[in-house]
Amino acid sequence: MRSVKVAKDLVAASATPMVLGILAEDASYGYAILRRINELSGGELDWTEGLLYPLLHRLERLGYVESSWQSVTGERRRKYYRITEKGLAELAEQRRQWDTVVDALKEIWLGLGDRGPLTAIPLEGGA
Amino acid sequence: MTAREDQDELEAQFAQWRQYVQRRRELLPSDADELEDHLRGSVDELVAAGLSPDEAFLVAVKRMGSLDELSREFAREHSERLWKQLVLTGETGSPVADTRSRRDLWAMVICAAGAVASVKAPALFGLSFEDDSSFYARNFTLFALPWLAAFLAWRRQARRPLIGILVALFALGAVAANAYPLADKSQSVVVTSIHLPIALWLVVGLAYVADDWRSPRRRMDFIRFTGEWFIYFVLMALGGGVLSAFLFNTFKAIGIVPEGFISHWLLPCGATAAVVVAGWLVEAKQSVVENIAPVLTRLFTPLFTAALLAFLVAVVWTSHGIDVEREALILFDLLLVVVLGLLLYSLSARDPLAPPGLFDKLQLALVVSALAIDVLVLLEIAGRITDEYGSTPNRAAALGENVILLVNLAWSAWLLLTFIRRRTPFAALERWQTGYLPVYAAWAWIVVLVFPPLFSYA
């Protein structure tokens with residue numbers, strides 16, 4: 001399978017709903033969130049720490065998530081993030097917006113598929 | 001055993017990495033904790049996948065990307081961290097520093113309260129600002145500066161002999177201001193009111209350099225302190241002016257005129273308290289904020305040089321002698337003080353090891369043109385001082401100051417010249433300026449103590 005390089009803008013735009021969505025499953029911490037994103041995208045979404053941590057801090061500032069420090073082993077501390085009510089509402093809102101975008105795109109892809117020359121774009125997996 | 005060694009080495013690498021992270025102003029210690037946890041998670045996983053701890057660490061750090069990139073991303077979210085904020089009490093992360101700054105704050109509050117109490121105390125004995133303005137003019141620095149000195153001495157844990165000397169000098173100042181039978185309108189009152197603050201400020205300097213008063217470095221610190229203190233004081237005065245204006249006009253709007261409150265309470269109490277508060281601010285912000293006095297000198301040195309050169313050219317061009325009015329000498333004294341200030345505060349911020357540059361030449365031009373102007377003024381005055389008005393306390397003090405400043409600047413110009421020609425190190429200039437401080441003190445004390453009897457209290 002050819003590897004897909006997702007454009008930086010798209011990564012940035014989808015970052016907030018993705019992090020909120022993961023935190024909606026359960027409270028988590030930075031490294032685990034990054035692992036989860038990697039897993040969900042089959043390793044195609046390459047997030048940097050420089051993207052994730054400032055984003056988490058911004059979401060915390062906006063009140064979408066709250067954080068708490070927990071000690072792991074020895075002196076190591078881990079910062080856990082938990083989604084708030086406000087965060088859940090924001091997630092629902094973002095989800096509506098993304099659904100709209102994705103639905104519209106799907107319509108377009110399907111329409112193009114009927115026409116012929118661009119059928120090279122497979123909708124799902126292999127042809 | 002090797003596993004143990006590996007672990008130790010890994011810990012050492014983490015410690016080193018943490019140091020790098022903590023040097024970034026954009027990254028707080030809590031961010032470092034968070035990122036370290038991330039890095040450890042990454043390392044653990046790589047080790048589980050079969051890498052040695054060493055390799056795992058390298059790969060994990062590499063994956064995290066450059067710290068430059070990372071701090072740039074953090075700065076976008078936390079732009080306020082690029083601005084250093086004044087932390088009034090603590091929250092620096094270390095409990096020792098926190099208690100210290102809290103104790104400083106309390107000491108400052110006590111000293112400021114003391115200063116306020118001393119400025120209002122004479123009123124209990126029936127001395128009012130209107131009727132005894134000459135008393136307040138002579139003594140105003142005696143209300144505030146001892147408290148500032150007390151704060152500094154407390155902060156530096158000055159030893160008993162030094163505290164004794166400080167007390168003795170302030171007592172001497174009080175005697176000089178009040179013991180002589182000076183008429184309210186006499187010149188000597190004015191001369192004393194100008195020189196006593198200078199003498200007492202240098203006593204504050206003694207408290208400032210309490211731990212090592214011989215060291216030129218410490219004296220230079222006091223010069224820096226003076227510049228910053230002055231700027232904070234002026235800023236507070238501006239704020240106080242705005243406060244008074246609002247207070248006056250808002251109360252006036254409802255028919256109450258708070259003039260008495262402002263002139264009898266707000267102004268004197270605020271000014272004396274501000275003396276102590278400004279000192280505390282400089283001490284608290286020393287390492288937090290960039291010194292502003294050197295910034296101002298950088299801006300104004302070229303402008304003053306241009307103005308003085310233009311003046312010299314105009315004098316030569318018009319061949320018009322300098323018209324020396326009664327107060328002209330004072331004006332040119334002030335000019336020399338400003339030039340000396342510009343010189344001092346650029347010195348205070350200069351890296352002593354840097355080679356001479358364009359700015360040093362500019363300073364030489366500034367000092368030389370100031371000297372040239374002053375020589376013209378002195379020539380003009382030399383003819384007159386003997387015949388027209390004779391010698392008065394005013395005139396003698398102004399002339400003495402002029403000579404002192406002239407000597408200082410002339411030798412500074414010489415040292416600057418040899419420094420630019422790389423004959424002497426920069427330190428010579430610094431040592432000359434710091435070594436000259438006692439001369440100002442001695443002169444100020446002479447004027448305050450010897451002049452009134454010398455001129456038969458004129």
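Q: To get me started, into which domains is chain B divided?
A: This is a predicted model, and in it chain B is divided into domain 1, covering residues 2-82, domain 2, covering 93-289, and domain 3, covering 290-424.

Q: How far apart are the C-alpha centres of domain 2 and domain 3 of chain B?
A: The C-alpha centres of domain 2 of chain B and domain 3 of chain B are 29 Å apart.

Q: And how many residues of those two are in contact?
A: Eleven residues of domain 2 of chain B are in contact with eleven residues of domain 3 of chain B. On the domain 2 side, α8 and α9 (216-253) of chain B each supply at least two residues, and the largest share, six residues, comes from α9(B).

Q: What classes of residue are on that side of domain 2?
A: The side of domain 2 of chain B that touches domain 3 of chain B has five nonpolar, four polar and two charged residues.

Q: Staying with α8 of chain B, at what angle does it pack with α6?
A: Helix α6 (residues 133-155) of chain B and helix α8 (residues 187-208) of chain B pack at an angle of about 5°, and their axes are 9 Å apart. Because angles under 35 degrees count as roughly parallel, α6(B) is described as roughly parallel to α8(B).

Q: Which residues make the contact?
A: From α6(B) the contact includes Ser134(B), Ala137(B), Thr141(B), Leu145(B) and Leu148(B), and from α8(B) it includes Val189(B), Leu196(B), Pro197(B), Leu200(B) and Trp201(B). By class, the contact of α6(B) with α8(B) has 15 nonpolar, four polar and one charged residues.

Q: Switching over, what is in chain A?
A: Chain A has four helices and three strands, and along the sequence these follow the pattern α-β-α-α-β-β-α. Of the 127 residues of chain A, 19% count as buried. Among the contacts in chain A with a separation of 6 or more, 48% are between residues 24 or more positions apart.

Q: In what order do the three strands form their sheet?
A: The three strands of chain A form an open sheet in the order β1-β3-β2, and the pairing is antiparallel. The edge strands are β1 (28-29) and β2 (65-71) of chain A, each of which pairs on one side only.

Q: How many bridges join β2 to β3 there?
A: Seven bridges join β2(A) to strand β3 (residues 77-83) of chain A, and the two run antiparallel. Two of the bridge partners can be named: Ser71(A) is partnered by Arg77(A) in β3(A), and Ser68(A) is partnered by Tyr80(A) in β3(A).

Q: What lies between those two strands?
A: β2(A) and β3(A) form a hairpin with five residues between them, and in the turn Gly74(A) has a positive phi of about 60°.

Q: Where does helix α1 of chain A lie?
A: Helix α1 (residues 8-25) of chain A lies across β1, β2 and β3 of chain A, and this helix runs at about 95° to β3(A).

Q: How many residues of chain B are in contact with chain A?
A: 17 residues of chain B are in contact with 14 residues of chain A. On the chain B side, the elements that give two or more residues are α2 (29-48) and α4 (67-77) of chain B, and the largest share, eight residues, comes from α2(B). By class, the side of chain B that touches chain A has four nonpolar, five polar and eight charged residues.

Q: Back to backbone angles, which residue other than glycine has a positive phi near 50°?
A: Gln157(B) has a phi near 50°, a positive value in a residue other than glycine. For background, most residues other than glycine have a negative phi. Gln157(B) is found in the loop between α6 and α7 (160-178) of chain B.

Q: Is Gln157(B) buried or exposed?
A: Gln157(B) is exposed, because 8 other C-beta atoms lie within 10 Å of its own and a residue counts as exposed if that number is 12 or fewer.

Q: What about Arg422(B), where is that found?
A: Arg422(B) is found in the loop between α14 (393-420) and α15 (426-449) of chain B, and Arg422(B) has a positive phi of about 60° although it is not a glycine. Arg422(B) counts as exposed, with 9 C-beta neighbours inside 10 Å.

Notes
Residues are numbered from 1 along each chain as its sequence is written. Chains are lettered from A and ligands numbered from 1 in the order in which they are written. This is a predicted model: local features need pLDDT of at least 70, side-chain atom pairs count only at pLDDT 80 or more; totals for chains, interfaces and linings use all residues. Axes are lines fitted to C-alpha atoms, for helices over the stretch in contact, and angles run from 0 to 180 degrees between N-to-C directions. Angles under 35 degrees count as roughly parallel, over 145 as roughly antiparallel, 65 to 115 as roughly perpendicular and the rest as oblique. Two residues are in contact if their C-beta atoms, placed from the backbone, lie within 7 Å. Ala, Val, Leu, Ile, Met, Phe, Trp, Tyr, Cys and Pro count as nonpolar, Asp, Glu, Lys and Arg as charged, and the others, Gly among them, as polar. A residue is buried if 20 or more other C-beta atoms lie within 10 Å of its own, exposed if 12 or fewer, and partly exposed in between; C-beta atoms are placed from the backbone. Two strands pair if DSSP finds at least two bridges between them. Domain bounds come from an automatic or database domain assignment.
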